[in-house]
Amino acid sequence: MADAAVKQEEALVVEGLTRRFGALVAVDGVSLRVAPGERRAVLGANGAGKTTLFNMIAGDLPPSEGHISLFGRDITRLSPQKRVLEGVRRTYQKSLVFGGLSVRDNLYVAIRGATGPRLAIWRRVETQPDRDGTGPLAERVGLADRLDAPASELSHGEQRQLELGMALAHTPRLLLLDEPAAGLSTRERESLMAMLADLPRDLTLILIEHDLDIALKAVDFVTVMHNGRLLAEGTPDEIAANQDIQDIYMGKHGQ
Amino acid sequence: MTLRRLLTVVVALVLLVYPFVVNSFWLVQIGGRTLGFGTIVLSLVFLTAYTGMLSLAQMTVAGVAGYATAYFTAPTGGVGLELAWPVALILALGLATLAGLLIGLVAVRTRGIYTLMITLAVAMAFYYLTLQNYAVFNGFTGFNNVEPPVIAGLDLGAPLPFYYLSAVLAVLCYAGVRHVVRTPFGLALQGLRDEPQRLQALGYNVPLLRVLAFGLAGFVAGIGGILNLWLNASISPGSVALNPVIDVLMAGVLGGIGHPAGAYVGAFVFTIVDNFAIDFIARERFNTLIGLVFLAIVLFSPDGLTGLVRRAWARWAGTGRRRDDAPDDSTNIGK
C-alpha cells in the first residue's frame with residue numbers, strides 16, 4: 001500500500017519497459033519516474049530507443065514487457081485513444097499536420113479528439129459550441145493570425161507550432177515532444193523554447209532533443225539512453241559535466 | 001466564393017429547366033442516368049476526396065440496394081416478397097449501408113492499390129453470387145419489370161417525375177456530402193486522409209472512422225443503386241459485373257476524383273460517350289473510345305474535368321493560386 005501511495009505522487013512511472021523487434025531489442029528494461037510538473041529531456045544518439053519509448057508511453061506500440069502508469073493508474077493496456085482522454089499527448093519527429101485543413105480545423109480536430117463526442121454528424125463545425133477554443137489555442141502557439149491558412153501552406157516552423165498547439169488541446173497532463181526543434185532556424189528554436197517555458201507549471205513535459213544545448217537549457221532533469229538502455233540520469237549540470245556522456249553523445253551524433 | 005455561388009445558381013437552373021428543352025430520351029437516358037449513376041460515383045468520390053480511400057465495390061453496394069428493392073417490390077417466379085414500398089426502400093438502404101460497413105471492415109487495414117484489389121475481389125465475389133444463386137438473386141435472369149411506386153396518383157416511373165425524383169435525390173446526396181465534410185465527423189475523415197497516425201494520437205479510433213466512412217458511402221451508393229434499378233426497370237448479374245464496377249472509377253476519374261461535383265460531371269461525360277459512341281464508331285469499340293478519353297484526361301488533367309475548370313478559373317481570376325504547380329496526388333486533393 002505504501003508503494004501505491006508513492007506511485008500516486010508520480011506523474012509517470014515506467015517500470016522495466018522493453019520492446020523487441022525480432023532479434024533487435026529497441027528498448028531494454030527502461031525504468032523512469034517523472035514528477036508532476038517536471039520538465040524532462042530524454043537524450044541519446046540515433047537508435048538509442050527514445051522514440052520507441054515515446055511510442056510505448058503514448059500507446060502507438062505495445063511493450064513486450066514492463067508497465068506504464070500515469071498518476072497512479074496503470075495505462076499499459078489502454079488504447080492510444082483512452083490515453084488521450086487520460087491526458088497523454090504527443091508530437092512526432094516529423095511534422096504531422098492535416099495539410100488539407102485550415103489551421104483552425106486542425107486545432108478543432110485536436111479539441112474534439114481530447115473531449116468528444118468526436119463523430120457528431122448533424123451540426124457543422126462552425127456552429128459547434130466548442131469551436132471557440134481554437135482561438136486561444138492558436139494564440140498560445142503564435143498562430144492567431146494564421147487561423148484560416150491551409151496547414152499545407154505553413155512554413156516548417158509554423159507547422160511545428162501547430163503540432164504543439166494540437167498537443168495542447170484540452171488540458172493535457174503529460175506532454176511528449178519528439179524533437180520539437182528539429183529543422184528549425186536558430187530564431188525559431190528560441191521562440192519555440194520560449195513557448196515551452198510558458199507552458200503551465202503543472203503540465204508534465206518530456207522531450208526528446210538532439211540539440212544538447214537546447215535540451216539542457218529547457219529542462220529540470222535529464223535521462224540519457226544508449227542502445228535501448230538507461231545510461232545515466234541527472235540534472236542538466238551533472239549531465240553537462242559527465243565526460244562519458246559527452247563522448248558518447250557527441251561521438252555518435254556530432255559532425 | 002463567387003464561383004461557387006454562380007455555379008450553384010447555374011446548376012439549379014439547368015436542373016429545373018432541363019426537362020422543358022429536351023426530349024424524353026435526353027430527359028431519362030441522359031439526364032436521369034447521369035443523376036443516378038452520378039450518385040454512385042459520388043459515393044466513390046466522397047471516399048477518395050475526403051478519406052483518401054479507393055473502392056471498386058461501390059457499384060456492388062449499389063447493386064445490393066438494387067437487388068433488395070427488386071426482391072421486396074417485384075417478386076419474380078417465386079423469388080422475393082411483396083412489401084410496402086417504404087419498408088422495401090428502408091430495407092434496401094439499410095442493407096446497402098450494411099454492405100458498405102462490411103466492405104469497410106474487410107478493407108480497413110489496407111491502403112492504396114491493396115484496397116482496390118480487395119474491394120475488386122469483393123465485387124467479383126458478389127457478381128458470381130448473383131449469377132449462381134437462384135433463391136435470392138434469381139440467377140442469370142435477375143429481376144425484370146421493376147417499377148417505381150405510384151404515390152398519390154403520381155407515377156414516379158413516368159419520365160418527368162422520374163427525372164425530378166433523380167434530381168432531388170442527387171441534390172440531397174451532394175448537399176449531404178458537402179454538409180458531412182464540414183461536421184466534426186467530416187473533419188476527422190479529412191484528418192484520416194492527411195495523417196492517420198496524427199489522428200490516432202489525437203484520440204480518434206482510426207479503423208472505426210474508416211469503416212463508418214465506407215458505411216456512409218454505402219448509403220449514398222444505395223440511393224444511386226435504387227435510381228439505377230428504376231431507370232433500367234431491371235437488375236441482373238450484368239449490372240454488377242466487372243464493366244459497371246470499373247465504370248464507376250472511370251467516371252470518377254473523368255470528372256475529377258478530388259471534388260464531389262466531379263462525380264456528376266464524370267457521369268454525364270460517361271453517359272454521353274456511352275450513348276453516342278455507336279453513332280460514329282462501332283458498338284464494340286466503345287471501350288476503346290472511353291479509354292482514349294480517359295487517357296487524355298489522365299494525361300492533361302489528372303484531377304479531371306472539374307480540376308480543369310478550377311484551374312482555368314484560378315488563372316482567369318488571377319488569384320495566383322499555385323494549385324497547378326502542386327504535385328498531383330489524386331488521393332490527397334479534395335479541398
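Author: In this predicted model, the largest share of the lining of the largest cavity comes from helix 6 of chain A, which gives three residues. The elements giving two or more residues to that lining are helix 6 (156-167) and helix 7 (186-197) of chain A.

Reader: What makes A:Thr91 and A:Arg160 lining residues of the largest cavity?

Author: A lining residue has an atom within 4 Å of a cavity point. A:Thr91 and A:Arg160 line the largest cavity, as do A:Glu163, A:Leu164, A:Leu177, A:Pro180, A:Leu192 and A:Leu196, so each of these residues has an atom within that distance. The volume of this cavity is about 60 Å³.

Reader: Which residues line the second largest cavity?

Author: The lining consists of A:Ala58, A:Asp60, A:Pro80, A:Arg83, A:Val84, A:Val88, A:Arg89, A:Arg90 and B:Ala201. Helix 3 (80-85) and strand 6 (88-90) of chain A each supply at least two of the residues.

Reader: How many residues of each class are in the two linings?

Author: The lining of the largest cavity has five nonpolar, one polar and two charged residues. For the second largest cavity, the lining has five nonpolar, no polar and four charged residues. Arg counts as charged, so A:Arg83 belongs to the charged class there.

Key:
Residues are numbered from 1 along each chain as its sequence is written. Chains are lettered from A and ligands numbered from 1 in the order in which they are written. This is a predicted model: local features need pLDDT of at least 70, side-chain atom pairs count only at pLDDT 80 or more; totals for chains, interfaces and linings use all residues. Side-chain values use heavy atoms; hydrogens and water are left out. On a 1 Å grid over the protein atoms alone, a cavity is a set of points where a 1.4 Å probe fits but cannot get out, and a pocket is an open set with protein on both sides within 12 Å along at least five of seven lines; lining residues have an atom within 4 Å of a point. Grid points are joined across faces, edges and corners, and a volume is the space filled by probe spheres set on the points. Helices (H or I, at least four residues) and strands (E, at least two) are DSSP runs, numbered from the N terminus.
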